[in-house]
Amino acid sequence: MVKPLPSIENRQCEVNIRENRLRDMFGKELLGRYSDDDEMWLCAATMSSGVAPVITLNDGHLMPTLALGTGRGTAKEQDSIEEVRQAVFWALEAGYRHIDTASIYGDEEQVGQGIADAIAKGIVKREEVFVTTKLWNDKHACEDVVPALMESLGRLRLDYVDLYLIHFPIATNADGDPLNVDYLETWKGMEDAKKLGLARSIGVSNFNADQLSRLYQYSEIKPAVIEVEVNPTLTQHPLVDFSHRLGVAVMAFSPFGFVVSRDSGDAPPPRADDPVLVTLANKYGKTVTQVVLRYLVDRGLVPIPKSVNKARLAQNINIFDFQLAPEEVAEIDKFNKNVRVIDGKGWEDYPNFPFERN
Ligand SMILES: NC(=O)c1ccc[n+]([C@@H]2O[C@H](COP(=O)([O-])OP(=O)(O)OC[C@H]3O[C@@H](n4cnc5c(N)ncnc54)[C@H](OP(=O)(O)O)[C@@H]3O)[C@@H](O)[C@H]2O)c1
């Protein structure tokens, strides 16, 4: 149930009560551990050691503008989970400073091992790596959020993540059946996670503009990031522009769309041999996939290309030495057909389904 917005005085009182409760539950040292500006800025300064430039989030933290995706299988790959550890290590070696994972990917342990390997080899320090993970749909009850994050942290072998996202606005029970939990309630748990210093920034994924707007209006701590699908066949201009106007950074998942081989059947173009993309690739001496990633960066987005292949993941971050002209970005925009790689099929009847129903 959404409660009406309380008055400022009542709201402050509610916040104080909540903080006292958290302090009782988790101890004084944990709460507000990262509220110290000096520490935050030290971290911010060192995070820029990677190849991708960093942006400042609305909460003051810095985020590298390209992330390694570790979710597997959307392109029907048969990658073994062990490949993730190696991919994360190679990525950090190649200059990535942002890794995207989620509890539902089942690979947080391997992501943590890859990071630990790179730290042990002196390639990075923990504070130089921006780690994003996500809360799954069956942990949406407010009181389940912090324990779920603590489990993720245990698997990652970290004591905080840089960004924690609500993976979907949809809530389910452990069997995957729909539950009617309002994401505003879930968000209170996310705010607790931030106050405890377990997540430096918090945000959402797969929310539509109405859901983001409602969350923004009724939240005490505003979401810093929204992660949604964006690629040439799903350009998402209205949602991206709306998020940017709110000051919410946008991460772009499945950035290659149907340009890379997927079981795409009758999915609309472009593919890797598309003349528009090939012409741009030849002009800049880049590959078609690099042009697609640069298109997203030039729109102010943070793409999350996934690869477990050493050469391809190195190629995917080698996009910060060229730039597309605005008319070239507009040319790629014309591919938009609002067709999704991840369409949430099977969840259409669940409360808070975020996408258009076909
Ligand atoms: N928040 C969400 O709900 C959500 C949903 C989906 C995805 N994500 C995140 O976004 C990440 C990326 O999305 P995605 O995995 O769906 O799609 P993607 O990154 O657009 O595509 C991955 C596919 O492209 C191939 N590939 C990578 N680099 C390539 C290159 N340079 N040339 C040719 N092929 C290349 C990969 O194969 P190889 O590995 O063999 O190179 C893989 O088959 C995920 O891993 C996950 O972290 C989030």
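Trainee: How many bridges join strand 5 to strand 6?

Mentor: Strand 6 covers residues 161-166 and runs parallel to strand 5. Strands, like helices, are DSSP runs numbered from the N terminus (strands E, at least two residues; helices H or I, at least four), and two strands pair if DSSP finds at least two bridges between them. The number of bridges joining strand 5 to strand 6 is four.

Trainee: What kind of model is this, and which mean pLDDT does the protein have?

Mentor: This is a predicted model, in which local features need pLDDT of at least 70, side-chain atom pairs count only at pLDDT 80 or more, and totals for chains, interfaces and linings use all residues. Residues are numbered from 1 along each chain as its sequence is written. The pLDDT is the predictor's confidence in each residue, from 0 to 100, and 86% of the residues reach 70 or more. The mean pLDDT of the protein is 89.

Trainee: Which helix makes a right-handed β-α-β unit with strand 5 and strand 6?

Mentor: A crossover is right-handed if, with the strands pointing away from the viewer, the path from the first strand over the helix to the second runs clockwise. Strand 4, helix 4 (residues 108-120) and strand 5 also make a right-handed unit. Between strand 5 and strand 6, the helix of the unit is helix 5 (residues 142-156).

Trainee: What is the bridge partner of His98 in strand 5?

Mentor: Strand 4 (residues 98-100) pairs with strand 5 in the parallel sense over three bridges. The bridge partner of His98 is Phe130.

Trainee: Which residue has its C-alpha atom 7.5 Å from that of Val145?

Mentor: Val145 lies in helix 5 and counts as buried because it has 26 C-beta neighbours inside 10 Å. Beyond four places in sequence, its contacts (C-beta atoms, placed from the backbone, within 7 Å) include Leu135, Thr186 and Met190. The residue at 7.5 Å, 48 residues away along the chain, is Ala193.

Key
Buried ≥ 20, exposed ≤ 12 C-beta atoms within 10 Å, placed from the backbone. Contact = placed C-beta atoms within 7 Å.
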